[in-house]
Amino acid sequence: MAKQIDFGFQQVDWAEKAQRVKGVFDSVAPKYDLMNDLMSGGIHRLWKRHAIDTLGLLPHHQVLDLASGTCDLGLRMAPMLNAHGNITLSDINESMLSIGRNRMIDAGHLRAEFVVSDAQALPFADNSFDRITMAFGLRNVTDKQQALNELHRVLKPNGMLMVVEFSKVTDPLLAKGYDWYSFNILPQLGELVANDKESYQYLAESIRMHPDQETLADMFRTAGMTRVSYENLTVGVVAIHKGWKTA
Ligand SMILES: C[S@@+](CC[C@H](N)C(=O)[O-])C[C@H]1O[C@@H](n2cnc3c(N)ncnc32)[C@H](O)[C@@H]1O
């Protein structure tokens, strides 16, 4: 039997997962930003703002935002860079990235670069970026360790990787309420607003299958990162993981 991997709570062939994930993001792309606001009550904006605030971004930095989707992070980071700095927005999915590109251009960020790429095999040279961000993308990648290895490879020495991702809620009582919300409200909201219940069922399931805070921190270390740390937001609904590449 072919090697299996989780796609939400289902087990699918290793080679099939990327296609299934592509189907999800092709489907959700047109309503992605609206759904994020509705599902989180706008809190995702605060998570993202806080994450960027803690990135230590300098105006001359070379930045990669991976799994950039509709470029929420890019829109926040681009104005922080000067003429020596640059930002590359990259995603495996053209539907998501083309919405992101339009948003960046509409906001006047004409120097940003856009690259369709798979986190597991990045088309960038070793030691290219001072900062790499990846928000709510790693969960969807088939081989997460391989993606982290690649991110470490393209990071410059003294550069920092930041992964923002759904994680494990630390309070058991709140975790029960969050589960109820995730499995009862999210798919219904998806059906109502985006006419797509399955993708939002996948969202809830994929969050539960994603490595918890400590496991992901260990994966950062396996990839070669040092000074690995994480910060829980909203009692662990989201965690910001950081790791550095040694000089
Ligand atoms: C939930 S969206 C996050 C978008 C954006 N970063 C944000 O925070 O709003 C996840 C993104 O990860 C992308 N993605 C999934 N698998 C990927 C892979 N293997 N390599 C690069 N991007 C991937 C999807 O196409 C999608 O755009």
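Seven strands make up an open sheet with mixed pairing, in the order S5-S4-S3-S6-S7-S9-S8. Strands (E, at least two residues) and helices (H or I, at least four) are DSSP runs, numbered from the N terminus, and two strands pair if DSSP finds at least two bridges between them. This is a predicted model, in which local features need pLDDT of at least 70 and side-chain atom pairs count only at pLDDT 80 or more, while totals for chains, interfaces and linings use all residues. Residues are numbered from 1 along each chain as its sequence is written.

- S3 and S4 run parallel and are joined by five bridges, with Gln 62 opposite Asn 86 in S4.
- S3 also pairs with S6 in the parallel sense, over four bridges, and here Leu 64 stands opposite Ile 132 in S6.
- S6 and S7 run parallel too, joined by six bridges, and Phe 129 faces Leu 155 in S7.
- S8 and strand S9 (residues 238–244) are antiparallel, pairing over six bridges, and Glu 231 is opposite Ile 240 in S9.

- Strand S1 (residues 4–7) and strand S2 (residues 10–13) pair in the antiparallel sense over four bridges, and Gln 11 in S2 is the bridge partner of Asp 6.
- Two residues lie between the strands of this hairpin, and Gly 8 takes a positive phi near 60 degrees.

**Helices across the sheet**

- Helix H3 (residues 43–53) lies across strand S6 (129–135), strand S7 (155–166), S8 and S9, at about 165 degrees to S7.
- Helix H5 (residues 94–106) lies across strand S4 (86–91) and S5, at about 150 degrees to S4.

**What is buried**

- A residue is buried if 20 or more other C-beta atoms lie within 10 Å of its own, exposed if 12 or fewer, and partly exposed in between, with C-beta atoms placed from the backbone.
- In strand S3 (residues 62–66), four of the five residues are buried, and in S6 seven of seven are.
- The largest nonpolar core has 60 residues, of which Ile 132, Leu 161, Met 162 and Val 164 touch the most other members; such a core is a set of buried Ala, Val, Leu, Ile, Met, Phe, Trp, Tyr and Cys residues joined through C-beta atoms within 7 Å.
- S7 gives the most to this core, with six residues.
- Not counting residues up to four places away in sequence, Met 162 touches Ala 51, Leu 55, Thr 133, Ile 240 and Lys 242; contact means that C-beta atoms, placed from the backbone, lie within 7 Å.

**Around the ligand**

- Of the 21 residues around the ligand, Ala 67, Gly 69, Asn 93, Ala 135 and Gly 137 come nearest; a residue is near if its C-beta atom, placed from the backbone, lies within 6 Å.
- Helix H1 (17–28) and helix H4 (72–77) are the elements giving two or more residues to this shell.

- Tyr 178 sits in helix H7 (residues 172–194) and is partly exposed, with 18 other C-beta atoms within 10 Å.
- Leaving aside neighbours within four places in sequence, Tyr 178 is in contact with Val 169 and Val 237.

Methods. Two residues are in contact if their C-beta atoms, placed from the backbone, lie within 7 Å. Axes are lines fitted to C-alpha atoms, for helices over the stretch in contact, and angles run from 0 to 180 degrees between N-to-C directions.
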